[in-house]
Amino acid sequence: MSKSTTVVQPSRLSVIWHKWRFHINVLLLLIPLGFMPRYFADQALFRGDSGLGEREIGEVQVGPWSLRLAEFRNEPPLPDGAAGYLKGFSAALCDACVEQVKATYLRIGKPRSLRAAGSIFFGTPYSMGTQMPVPDKTRADAELWITMEGWDGSMHQASIPLSQASPATVAWLNKQGAKP
Amino acid sequence: MSKKSRSKLWFLVHSWLALPIWFFVLIVCVTGTLAVVSQEIVWLVNPQMRATQPSDDAPLLGYDQIISAIKTAEPQLLVERISRPDESHFALEVNVSQPDGRSVTVYVNPYTGVIQGTAPDFNFRAFTRALHGWWLVPFTNGYSWGWYLVSFLALPMLASLVTGLVVYKRFWKGFFSPTLRLRHGARIFWGDFHRLSGIWSIWFIAVISVTAVWFLIEAILSDNHISISSEPVIAAMSREGVPLSADGSPPPRVSLDHAIEIAQQRIPGFEASTINLPGNAYSHLDIRGRGWYPLMFQSATLNPYSGEVAASRLLSDRTSLEFVTESMRPLHTGDFGGLWIKLIWFFFGLVLSMMVLSGLLIWTKRTALATANALKREHKKQRGQAQPALHREPSEVHL
C-alpha cells in the first residue's frame, strides 16, 4: 500500500472516475438507442409502409402505359466497387399494365436499342426497384429514359429530366464537376 | 518472472479483457441469446404463426396447391417467396407484394393453405438480430461500423477463454469434482459459479468467438472487395430464353412442384425449403434446401418457362475453405438442427451472459472487500486521517 495514494487528498473528479470508470461503457447503449428511429424508418421504407421511396417523382406516361416513379433514397448515388456509382429508384406500374408489361428499364441517356435499355427493375408490378449506374461524366442536364417492354414484344419509351428525377444526383454531379 | 507473478499477470489480463466493456458484452450476449430463439418467441406470442394440423392424417400441401390457395383467397397478392421453416410446428412464411405497394410476410397453414395472418410490423426476430449483429448501426456503404464494433468483441472473448483456462489451475479437475459453494458468501459463490460454468462452456465460448472472428474477417474482406467465393455469377436469361406471347399476356411457367422434381433429379436427397420466384421476366426461379450436411444450403436455378436448369450449387461445388466459412453462421446461431440445438445454444447463451455478470460481481465484491481492508489498515495507521481509498486498484493488490 503506497502512501501517496492515501495521503494525497484525491480530487472529487478522480473519485468519480475511479468509482464509475468501469460503468462508463453503459453509455455505448446510446448508439443503438440513437439509431433506433432510423432503424424503424428503414424497416418501414423496405416494407413499403412509407410509400415507394423517400421521394416520389410522380406518374410518368410511357406510351399506352404509365408508372409511378420514386427515388428510393433522397440522396446522391453510392459507390459500389467495380460497378461505379449506383442510384436506386423504385416504381409501381399502372393497374392496366400489371399483366401486359414484361419488363421496365431505366437508363441515363436514350438507349440505342432494347438490348441496351439499361437497368432492369426487380420486384413485382406493385413495387419494384433497380440500381442504375450513374457514370461520373453524366451532365447535369441529362435525361432519364424509361423503357417498357410488353409481353407481345412491343416497346415504349419516355424520358424525364434527371433534375426532376433526382435533384440530389444533379447536385452531386454539379459538385464533383461533370468530368469530360 | 516468477511463476506466481506470471499467473498474476494472466489474472490481470483476464480481468481487464471484459471489465471496461462489461455492459456492452453483456447486452451483446443477451441479445444473441434471444436471437437464437427469436423465431420461437414470435411463435409463442403469435398464434397465427403456428401450423395446426386439421386432422392427424392431413398431408402437407405441395407448393402449387399453396400458391393456388393464396390466389383463391387473395387474387391480387403476388407471391415473391415461400419458405418452409425447419420445424414442422411453424406455418409457412410467404412473402407477398400487395397492390398498395407494401411487401409483407403472411403465415400460411401448410396443411390447408389458409392465410392465417400477416406478420406483425415489428419484426422481433429481425430486430434482435440487428441489435445483436450490428448494434442497429445502418449499412450505408459496405458493412456497418456497428458490425465491426460487435464482431471485434470476438477477440477479447477468445482471449478471455484462453487466459481463464491459464489462470484456472488444473481446470479439468473441475469436471470431476464440481464445486459450487452456496453458504460461503456471495464472493465465493460467484467465483465458483464463474469457474464451473466456464469449464462447461469451453466448447461454446470457443464456437461463438471463433465464428465471430470470421464475421469480422468477412466484413474486412467484403469492404476491401476481396472475394473467396467459387460461386459463378448466374447471368440473366437471354431474350430468346423468354417466350413471346401473341396475345400480350404472360406465358405459362412450369409448376413449382415440377420444378422441384427437376431439381431433385439434379441434386439427390434435395429437400426444397425456400422457393424464390423470379424477380422479373428475365430472372430465374431459385429453389433452395438442405442436403445431408445440415450447415449448408444447396440450390438449383431454373428457367421458369422451360424448367431447364441454368445452374446448381451443390455441397460438392464448394471448396474446402467454403465448407468452413459457410458453416460459420449456422454454428454461431445454432440454427441447423431444429429446436433442440437451438435450446442448447440458448442455454449456453444464458450461461455466457451470466459469466459476464458473475465476472463483474467477483470484481466488485473483491473491490469492496479490498476497500474495506484498506480502510481498516489506514485507520490503524493514521487514526482519523483515512480517506476512502476508492481510486486504488484492488485487483492489483488482492489476487
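This is a predicted model: local features need pLDDT of at least 70, side-chain atom pairs count only at pLDDT 80 or more; totals for chains, interfaces and linings use all residues.
For residues 197-217 of chain B, the end C-alpha atoms lie 29 Å apart.

The unreviewed UniProt entry places "domain: PepSY" at residues 62-117 of chain B. Here 20% of the span is helix and 38% is strand. The end C-alpha atoms of residues 62-117 are 20 Å apart.

The overall form of chain B comes next. Chain B contains 14 helices and eight strands. Its radius of gyration is 28 Å, whereas the globule rule gives 21 Å for 399 residues, so chain B is more spread out than a compact globule. Along the principal axes, the C-alpha atoms of chain B fill a box of roughly 105 × 45 × 45 Å. Of the 399 residues in chain B, 30% count as buried. Contacts in chain B were also sorted by sequence separation. Among those between residues at least 6 apart in sequence, 62% join residues at least 24 apart.

Chain A was divided by its domain assignment. Domain 1 of chain A covers 10-50, and domain 2 covers 55-176. Between the centres of these two domains, taken over C-alpha atoms, there are 39 Å.

A:Val62 is found in strand S1 of chain A, which runs over residues 55-62. A:Val62 has 21 C-beta neighbours inside 10 Å and therefore counts as buried, since the cut-off for a buried residue is 20 or more. A:Gln157 is 95 residues away from A:Val62 in sequence, yet their C-alpha atoms are 5.6 Å apart in space. With neighbours within four places in sequence left aside, A:Val62 is in contact with A:Leu67, A:Ile146, A:Met148, A:His156, A:Gln157 and A:Ala158.

Nonpolar cores were then examined. The largest nonpolar core has 60 residues. The residues with the most contacts inside this core are B:Val94, B:Val108, B:Ala263 and B:Ile287. Strand S4 of chain A, residues 85-93, gives the most to this core, with five residues. Beyond its neighbours within four places in sequence, B:Ala263 is in contact with B:Phe270, B:Ala272, B:Ile287 and B:Ala300. A second, separate core has 38 residues, including B:Phe24, B:Trp147, B:Ile208 and B:Phe215.

The contact between the chains takes 44 residues from chain A and 42 residues from chain B. On the side of chain B that touches chain A, at least two residues each come from helix H2 (22-36), strand S1 (78-83), strand S3 (103-108), helix H5 (124-134) and helix H13 (339-381). H2(B) supplies the largest share of this side, four residues. By residue type, the side of chain B that touches chain A divides into 24 nonpolar, 13 polar and five charged residues.

Note on methods:
Residues are numbered from 1 along each chain as its sequence is written. Chains are lettered from A and ligands numbered from 1 in the order in which they are written. Domain bounds come from an automatic or database domain assignment. A nonpolar core is a set of buried Ala, Val, Leu, Ile, Met, Phe, Trp, Tyr and Cys residues joined through C-beta atoms within 7 Å. A residue is buried if 20 or more other C-beta atoms lie within 10 Å of its own, exposed if 12 or fewer, and partly exposed in between; C-beta atoms are placed from the backbone. Two residues are in contact if their C-beta atoms, placed from the backbone, lie within 7 Å. Ala, Val, Leu, Ile, Met, Phe, Trp, Tyr, Cys and Pro count as nonpolar, Asp, Glu, Lys and Arg as charged, and the others, Gly among them, as polar. The radius of gyration is taken over C-alpha atoms; the globule rule is 2.2 Å times the number of residues to the power 0.38. UniProt positions are given in the numbering used here, feature names are shortened, and annotations may be inferred rather than shown by experiment.
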